[in-house]
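Here's a quick tour for anyone meeting this structure for the first time. Have a look at it, then read on.

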Amino acid sequence: MTQLGFFVDLSKCTGCKTCQVACKDKNNLEVGRNFRRVSEYAGGSWKEVHGAWQQDVFAYYVSIACNHCAKPACVEVCPKGALAKRADNGLVLIDQQKCIGCRDCEDACPYDAPQYNRAIRRMTKCDGCIDRISAGAQPSCVDACPQRAIEFGDVAELRRQHGSLAAVAPLADAATTLPSLVLKPSRNSRPVGDTRGTVYPPKAE
Amino acid sequence: MSEKTLPCADHGEYSMVEHLERQGVSRREFMTACSVMTATMTLPALLRSGGAEAAETAAGKAAAGAAGAGETTAWSSCVVNCGSRCPLKVVVKDGQVIRIEPENTGVDSCGTPHVRACVRGRSMRLRLYSEERLKTPMKRVGARGEGKFERISWDEAFDTIAAALKKTIDQYGNDAIYYQYGSGTYQLVAGRAPNFRLLNLLGGYLDQYGTYSSAQIREAMPYTYGSGGNGSYMTEVANAKLYLSFGNSPLNTRQSGGGKGYEWQCAKDAGGVRTILVDPMYTDSMLGKEDEWVPIRPGTDAALCEGIAYVLITENKVDQAFLDTYCVGYDEKTLPAGAPPKSDYKNYILGHGADKLAKTPAWASQITGVPVSTIVRLAHLIGDTKPLFVSQGYGVQRQANGEQSVRAIAMLPILTGNIGLPGTNTGAREGDVELGAVGLPVGKNSVKAVLPFFLWTDAIARGTEMTAKRDGIRGVDKLKAPIKFMWNYAGNVLANQHSDLNRTDAILRDEKKCEFVLVIENQMTPSARYADILLPDLMAQENFDYAADGYASGTGSFLVALQQAVKPRYEEKSSYEICRGIAKRFGLEEKFTEGRTQEQWVEWCYNETRKKNPELPDFAQFQKQGIAKMYGKGKANIALEGFRKDPVKNKLGTPSGKIEIYSARLAKIAAEWELPPGDVISPLPQYVTTWESHLDAKAAKYPLQLYGLHGHGRTHSTYHNVAWLRELHPDAVLINPVDAEKRKLKTGDAVRVFNDRGTVLLPARVTPRIMPGVVAIPQGAWYKPNGKGVDEGGCINTLTSHRPSPLAKANPQHTNLVDVAKA
């Protein structure tokens, strides 16, 4: 089976969120619903020495959609079997006729990929722009990135090109769901579990 | 914005297949697509990264991917004032824009990039269909500024405007008509040009010089170099060994995927260049892309440069031969005749000049907050690394001492001889290739007086007191009349982007002062609220026109057709049609149109542009393509290359023909102009401690320096009313944990940011990315006074000062002292 996935070059990402807006535009996503999400992770401290400032500040962004995981927590937890991995390309899709809007998948996913649509009381999420890729185009977020920081394709090929890193702080440990995600770290990137930084915007409770 | 305002967000309950059908993929196509996927398994070649072939394929296929059943695509552009004018492919279905797709013609490479629109352009659909769109002509019915309007006909609007213009001209003369600075719409025929054309036909108007963006650098740099503020192209950074830039965040302010920000990334990717960025904030151009961040207190860049200069001079790291041959005033032997003894740069830095103060790294450190060891290390790097590319953003000069900082930064490449050679720059902002695209001819302005752009509120309140030597009036010694008629097109300066908005509000509200305010806009902006007559303009996606790449696109050039993707929904008219209507009231319609329609003018202008750029296709083909991209139009990659090769044959535009470190012209101005206490104009660039710097006595009451930052989510104030952008780039005051802790603030707390000029309400964003002692607010949020002296809109200009800078009489909008407290 081919497994499709995203590659994100964190060393290029500027946090501009064009990927997010292109996705919202394509999928008609209202405020609050984001199939792709960009978070800032920043930290470091300041010290005044003889009237001047010393610091070790770091910051970077992480852009994440659905990682179409090899071991998707959403699929495991869905009581109605509405979430399933496609056999041919590994995309995790929702059958909204089966979905009952219980939001268990939202709680289970460590990446916040399932996004609840209040209007239809069903779960929605990134489908890898299956319509676009079927027509030979790229997902909207990939086409949109002004820095050319996002790629999409056979994750095995992406790993051959870019390595196997699939998690940095503040993301979950990749062992949890085996995300079909490849990351190129920024010089600032911190390992999973790092506590020196904070996430912005803060995660809604 | 709630879901109801999304024109296409009508999700009912439906399945994936239905979802795709709504996206334009039929059920059968979907099934076929699935089987194709199964059969071929691997995705097409386009999914492989890199390579011209892959990019070419992607370009072709993406168009196919974008088009669904019943969808058509028209070309348009984001014509706001970020400088890029990114082309947009506007996807339309049933007469509604349903999506924006990026420009993806030709091969995508560093040298020939797809001009990918940024987050703003991609949200255009929401701006087009915003609740704030103006629909019909309106007249004011409440007090001015109150925002109460009543619908009127176009005839009544034209009659009223014509009567007010006539009255103004008869009573005060054309000098009393002011065309307000406004940069919201850069398209070539039906943008600003018809307004100028009409006003010139009526006998002229009071014009301005300078801009809120770059007035100080454009004013000051010519005293050093004889010409303006543009340096070597960004692509030249690839040939440098060290890139040192001040207050410059190309990936914020030049964030188009086909502009200078991307060129910068490409230049860095080419390897070889070490990047050092000096800035009060750890910006989005850093994030590990930099080799070193040098945090610095706002307004102190000149002091850092002088501390560096001290090391360069005392350790003999200056290029003495270059300074002797190409420059005036480095040391006593090249001072111009008439300059006082020891008034040269070297004596000034070493402490032998008039102020007897050595500009040591220790001195500079106390002012800038940069450690002594860092200053010394920077000086060594600057002195020992060639080629050195020094540049600056515009933030440096939007200060009370901006003109000084601009020239002080230029001293680093001058002292080290990194001028006019591959991989070098003058210290100015990186340059841009100009295409020379032709717009609607505007005619000649018969009014001689020209106002510094920043002093229009003064010109309303005390116009006839304003003189050349006190207020920088040009063309005449003294203004003949105060501003009585305000013409405001596609701009939000009036009550948002100008400084000290509470003061501005009071001046504008007085109908005895400025007697008539005309606003032509496409959104109900804060400025629109002050209109006496308010007219609805088209947006570019509803207009027929063409646009050229702006000043931020770097070495690439393009023209893009504005193809009227959708028809206007209400009674909006283009600026061309509006001005034609007013011209008719004066019997000037024939002269205004010259017998051409707007469409015919677009073709005429395009053909004029084509005469200068013969490689362009004919007009019909241009319309078919929608876009024409050109590369290699630029001829001056390296600033001052000719001068460096032969300084005798290629003299600079300064009086001496050389680089004037000491400017006799500035010495003359300093002697002759009337300046308020504290304002300094000096022949040498020098650090000046100003009002509302961190060293001002006022800092005891307001201990935090405030400046405005250019975030990703707005171009100045444009796009403020786009819900997606406010969601993803929320407004907040950025404050360091050190300062937040003292005030017991945490991220998300509602806070007041305040000084003697006003108070704004904002959430706090506590972040180590901003330097201690400094706070920043993303500029451009819409002013929303609550009637109790508090701006609930979070507009920084509630807090900024209207006191102009000494030389350019320009906006020091980053020079502010404030405090922050829990609301």
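A residue counts as buried if 20 or more other C-beta atoms, placed from the backbone, lie within 10 Å of its own. Strands are DSSP runs of E with at least two residues, helices are runs of H or I with at least four, and both are numbered from the N terminus. This is a predicted model, where local features need pLDDT of at least 70, side-chain atom pairs count only at pLDDT 80 or more, and totals for chains, interfaces and linings use all residues. Residues are numbered from 1 along each chain as its sequence is written, while chains are lettered from A and ligands numbered from 1 in the order in which they are written.

Let's start with chain A. Its secondary structure comes to six helices and twelve strands. Of its 205 residues, 60% are buried, and the C-alpha trace spans about 65 × 35 × 30 Å along its principal axes.

Strand S10 of chain A (residues 150-154) is mostly covered, with five of its five residues buried. Strand S1 of chain A (residues 4-9) runs antiparallel to S10(A), joined by five bridges; strands pair if DSSP finds at least two bridges between them.

| Domain of chain B | Residues |
|---|---|
| domain 1 | 3-128 |
| domain 2 | 138-205 + 436-539 + 567-610 |
| domain 3 | 215-433 + 638-672 |
| domain 4 | 697-822 |

The centres of domain 2 and domain 4 of chain B, taken over C-alpha atoms, are 30 Å apart.

Conventions:
A residue is buried if 20 or more other C-beta atoms lie within 10 Å of its own, exposed if 12 or fewer, and partly exposed in between; C-beta atoms are placed from the backbone. Domain bounds come from an automatic or database domain assignment.
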